[in-house]
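Biologist: I would like to learn how to read a model of this kind. Please take me from a single residue up to the whole chain.

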Amino acid sequence: MTVQITARYLYLPVDKNSPVVKLHFFYHREKFQEIDISPGADAVDFYSAMDVERYIGKAIEIAGDLTMGAQEKIHCEDKRPSAKYAFRPQIHFTAETGWLNDPNGLIYADGVYHLYHQWNPFGTEWGNMHWGHAVSRDMITWEHRPMALEPDEYGTVFSGCAWRDSENTAGFGKNALLFFYTASGGCNQWSVDAGNPHTQRLAVSLDGGGTLEKRGMILGHIKGDNRDPKVFYHKESAAYIMTLFLDGNEFAIFRSQDLLHWTKSQRLIAENMQECPDLFLLEVDNAPCEKKWVFWSADGYYMVGEFDGYKFTPETEVLAAYSTNLGYAAQTFAGMENRTVSVAWLRTKSDRGNFRGMMSIPTELSLVKQGNSWKMCFRPVRELWRRFSEG
């Protein structure tokens with residue numbers, strides 16, 4: 001199928017009840033995208049949109065098992081599909097269309113909160129992992145921005161983090177925003193054909209987080225589906241730190257002097273803990289001047305202990321922060337001083353309308369000491385109460 005691109009967005013019809021087909025997109029016989037989609041023909045639940053601005057005025061080819069009815073409904077529009085929906089949450093972030101999961105690249109920079117996230121623009125089920133993007137001035141009211149990262153021959157785009165390079169350590173420019181993410185080789189046919197496994201890669205933004213340019217691999221495959229890098233700076237040992245999920249209940253900690261080359265300093269195995277590691281220092285509410293390190297994982301399981309820049313030493317057993325399985329893959333914001341703020345994906349099941357999944361209200365984290373142990377404390381961010389007080 002040949003499509004003449006006349007506007008920025010290519011609208012693709014979605015029927016949630018139709019079988020999934022794989023579509024391949026080409027320009028001059030060079031593949032630029034691959035997606036799985038349930039194409040609408042007689043029925044259309046909603047339209048998804050692919051950003052094809054770079055092909056305006058040109059013809060692209062779409063290969064895949066599309067019926068004539070579905071082909072006739074593919075067209076171009078100047079704007080993304082409307083996010084209006086009567087039952088959309090008002091204070092929980094949701095994607096404009098499609099499936100949403102893990103928060104990614106949370107960072108506060110130049111007065112703006114950035115929320116990137118796992119996103120399938122082409123359906124309300126998991127798959128086609130892109131990074132969506134939204135911005136806010138208060139973490140409560142969010143504005144959708146164009147898609148930030150899309151799949152390629154190295155895999156779909158799994159979870160990762162952001163860091164502002166205020167010292168130009170990596171050499172891309174002072175205050176460049178660096179984005180560390182997993183290319184999930186094997187999760188799309190494109191990467192399978194290329195023989196690419198899960199690797200950790202870098203993207204860079206020189207325009208304040210609006211445009212992310214992929215810059216290549218920073219960590220090769222280690223084992224399993226190693227993924228979910230989270231980076232911060234550890235002042236005491238004068239190094240950047242990366243936590244990474246390896247496989248099963250195993251994690252690793254890496255160190256770097258330049259944000260580009262990383263050396264493993266610890267492998268850590270923790271029962272029940274999997275995916276999306278985070279490592280952060282928290283104040284203890286009822287013990288003045290006391291602070292403790294927390295090693296965190298996706299299901300809200302965590303350990304409290306000490307961290308010397310090389311090794312995390314747990315001082316508690318594995319603890320559970322959540323009382324339900326609704327929250328998952330929480331990540332803390334980079335770039336925030338004097339408080340630690342976390343956002344989690346809420347695994348809601350409803351896909352009424354054109355989206356599924358939402359984010360938690362951002363929460364401020366601290367610890368409470370209980371005997372010889374500590375427990376996590378969550379407080380909705382103060383900006384929420386300001387929103388209510390303003391009506």
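This is a predicted model: local features need pLDDT of at least 70, side-chain atom pairs count only at pLDDT 80 or more; totals for chains, interfaces and linings use all residues.

Biologist: Where in the chain is the place of glycine 155?

Modeller: Glycine 155 sits in the loop between strand 11 (142-149) and strand 12. Leaving aside neighbours within four places in sequence, the residues in contact with glycine 155 are Ser184, Gly185, Asn188 and Ser191.

Biologist: How many bridges join strand 12 and strand 13?

Modeller: Strand 12 and strand 13 (residues 176-184) pair over 8 bridges, in the antiparallel sense. Valine 157 has alanine 183 of strand 13 as its bridge partner, and aspartate 165 stands opposite alanine 176 in strand 13.

Biologist: Is strand 12 mostly covered or mostly open?

Modeller: Mostly covered: 9 of the 10 residues in strand 12 are buried. As a general idea, side chains in a regular strand alternate between the two faces of the sheet.

Biologist: Which residues touch the most other members of the largest nonpolar core?

Modeller: The general idea is that nonpolar side chains tend to be buried together in soluble globular proteins. Here the largest nonpolar core has 48 residues, and Trp131, Phe180, Leu259, Trp262 and Phe312 touch the most other members. Strand 13 gives the most to this core, with 7 residues. Another core lies apart from it and has 27 residues, including Trp99, Tyr113, Trp142 and Phe333.

Biologist: What is phenylalanine 312 in contact with, beyond its neighbours within four places in sequence?

Modeller: Its contacts include Ile253, Gln266, Leu268, Trp293 and Met303. Strand 18 (residues 250-256) and strand 19 (residues 263-269) pair in the antiparallel sense over 6 bridges.

Biologist: What phi does leucine 259 take in the hairpin of strand 18 and strand 19?

Modeller: A positive phi near 70 degrees; that hairpin has 6 residues between the strands. Leucine 259 is also one of the core residues that touch the most other members.

Biologist: How does the radius of gyration of the protein chain agree with that of a compact globule?

Modeller: A compact globule with 391 residues would have a radius of gyration near 21 Å; the protein chain has 21 Å, so the two agree. Along the principal axes, the C-alpha atoms fill a box of roughly 70 × 50 × 40 Å. The secondary structure comes to 3 helices and 30 strands.

Biologist: What do the totals for burial and contacts come to?

Modeller: Buried residues make up 55% of the 391 residues. Of the contacts between residues at least 6 apart in sequence, 56% join residues at least 24 apart. The protein chain exposes about 17200 Å², of which carbon and sulfur atoms supply 47%.

Definitions and conventions: Residues are numbered from 1 along each chain as its sequence is written. Side-chain values use heavy atoms; hydrogens and water are left out. Two strands pair if DSSP finds at least two bridges between them. Helices (H or I, at least four residues) and strands (E, at least two) are DSSP runs, numbered from the N terminus. Buried means under 20% relative accessible area, exposed over 50%, partly exposed in between (1.4 Å probe, protein chains only). The radius of gyration is taken over C-alpha atoms; the globule rule is 2.2 Å times the number of residues to the power 0.38. Contact means heavy atoms within 4.5 Å. Accessible areas come from the Shrake-Rupley method with a 1.4 Å probe; for residues, only the protein chains shown count as cover. A nonpolar core is a set of buried Ala, Val, Leu, Ile, Met, Phe, Trp, Tyr and Cys residues joined through side-chain atoms within 4.5 Å.
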